[in-house]
Amino acid sequence: MASLRRKERSPFWFACITMPDGRRVQRSTKEKLRKAAQSKADEWERLSKERTKARQAHRVIADIYRAAHQEELPDASVADFVERWLERRKGEIAPGSLVSYSATCGLFLRWLGEKAKRPLADLDTRQFIAFRDEQASRVSAATCNKFIKQLRVVFEDARRDKFIAENPAKDCPRLKVASAEGRRPFAIEELKEVLKVANDEWRSLILFGFYTGQRLGDVAVLSWANVDLQAGEIHLRTAKTGRMVRIPICGPLMEHIESVPAGDEPSAHLHPKAAKAFLKGNSPMVSRQFGDLLAAAGVTDKRGHGKSSGKGRASARATSDLSFHSLRHTATSLLKNAGVSPAVVQDIIGHDSAEMNTHYTHIETKTKRSALEALPNIKT
């Protein structure tokens with residue numbers, strides 16, 4: 001049973017109650033009559049012990065918050081909070097990251113359905129686990145873990161802003177990710193075969209990926225503003241790490257860039273279709289296109305979609321030992337095999353591991369240009 005006490009210079013009774021985490025707290029009941037104050041204190045104590053009833057727990061916390069701060073505890077539905085969170089984050093995080101967060105949040109809200117209209121306090125860890133498991137039937141474990149990681153960030157802000165007492169996504173376990181040891185770099189002859197069957201945009205994406213070592217998302221959204229032909233450099237901020245990189249344009253890539261028609265608008269994308277897909281959060285479609293291209297070149301086995309595969313397009317994709325990311329591995333391997341120092345490779349490729357960062361020093365453009373010129377000409 002909750003107890004009461006009086007404080008000097010206050011006409012109200014204070015309730016002494018035990019919170020769900022075991023802490024003993026004192027909060028004003030805003031009641032002058034002992035009987036009314038005891039009734040309110042007992043109700044707070046009862047509700048605080050019913051931890052399985054999230055909405056009731058939120059109600060008692062709201063009562064305590066109101067008494068302590070003379071204002072209402074912030075409240076919102078899941079959908080309302082997520083919408084406001086995404087709006088607030090504009091300008092705070094990279095555009096590519098915002099697109100990724102937006103896609104993940106949209107996926108989660110659609111999965112919740114009508115429950116997205118309910119208060120944030122109704123969310124619990126079991127829902128995030130169920131969401132994760134359902135997504136695992138159609139995407140990789142690594143992608144599922146990315147979804148949960150992003151949702152943790154969103155709902156941690158809800159906790160910090162006092163919309164909820166705890167972050168319900170925090171205790172959702174990660175799925176075990178299969179070892180990436182099966183991934184390998186491309187052989188040069190394989191790349192040449194892929195370029196033979198690629199259309200103009202994919203040919204350009206592959207050349208940029210190979211000669212810059214950058215990720216598919218960063219290459220896809222490149223605009224002419226990122227290309228400095230006078231200095232012979234490409235400059236961009238990576239979506240994953242937010243790191244600003246300046247990459248010299250080697251001979252074969254410069255020859256390709258000069259062959260691409262350029263308009264008068266600096267913000268125009270070099271790869272319009274891929275950029276549109278990424279900016280709409282449809283990066284899996286672009287990755288599938290590259291997988292189909294590899295199969296068309298005879299470099300990998302064809303992976304069926306829809307009824308022909310017996311699983312449907314929404315099912316999880318089989319892991320291939322080659323992907324667009326393999327271009328990054330290929331460039332790294334070739335540079336190291338050419339005797340380029342790890343520090344120079346780090347500056348060009350932009351590895352973000354702590355081990356690589358300990359070796360990082362400022363690398364002159366001339367040194368990087370010389371290293372990139374060591375890459376073979378894969379143009380056919």
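Analyst: Happy to! Please keep in mind that this is a predicted model. Let's begin with strand E5, residues 233-237: four of its five residues are buried, so E5 is largely enclosed by the rest of the structure.

What sits on either side in the pairing? Strand E4 (residues 227-228) runs antiparallel to E5, and two bridges join them. Here Asp-228 stands opposite Glu-233 of E5. The two strands make a hairpin with four residues between them, and in that turn Gly-232 has a positive phi of about 70°.

E5 also pairs with strand E6 (residues 244-248), again in an antiparallel way, this time through five bridges. One of the pairs to look for is Arg-237 with its bridge partner Met-244 in E6. E5 and E6 form a hairpin too, with six residues between them, and Gly-242 in the turn has a positive phi of about 75°.

Next comes helix H10, residues 251-259, whose buried residues are Pro-252, Leu-253, Met-254, His-256 and Ile-257. These buried residues pack against E4 and E5, and against helix H8 as well, which leads us to the helices.

Helix H8 (residues 200-212) packs with helix H7 (residues 188-197) at an angle of about 155°, their axes 10 Å apart. That angle makes H7 roughly antiparallel to H8. On the H7 side, the residues that meet H8 are Ile-188, Leu-191, Val-194 and Leu-195, and their counterparts in H8 are Arg-203, Ile-206, Leu-207 and Phe-210. By type, the residues of this contact are seven nonpolar, no polar and one charged. Why can such residues line up on one side of a helix? An α-helix has 3.6 residues a turn, so residues three or four places apart point the same way.

Finally, the core. The largest nonpolar core has 51 residues, and Trp-202, Ile-206 and Leu-253 touch the most other members. H8 gives the most to this core, with seven residues.

Key: Residues are numbered from 1 along each chain as its sequence is written. This is a predicted model: local features need pLDDT of at least 70, side-chain atom pairs count only at pLDDT 80 or more; totals for chains, interfaces and linings use all residues. Side-chain values use heavy atoms; hydrogens and water are left out. Axes are lines fitted to C-alpha atoms, for helices over the stretch in contact, and angles run from 0 to 180 degrees between N-to-C directions. Angles under 35 degrees count as roughly parallel, over 145 as roughly antiparallel, 65 to 115 as roughly perpendicular and the rest as oblique. Contact means heavy atoms within 4.5 Å. Ala, Val, Leu, Ile, Met, Phe, Trp, Tyr, Cys and Pro count as nonpolar, Asp, Glu, Lys and Arg as charged, and the others, Gly among them, as polar. Buried means under 20% relative accessible area, exposed over 50%, partly exposed in between (1.4 Å probe, protein chains only). Two strands pair if DSSP finds at least two bridges between them. A nonpolar core is a set of buried Ala, Val, Leu, Ile, Met, Phe, Trp, Tyr and Cys residues joined through side-chain atoms within 4.5 Å.
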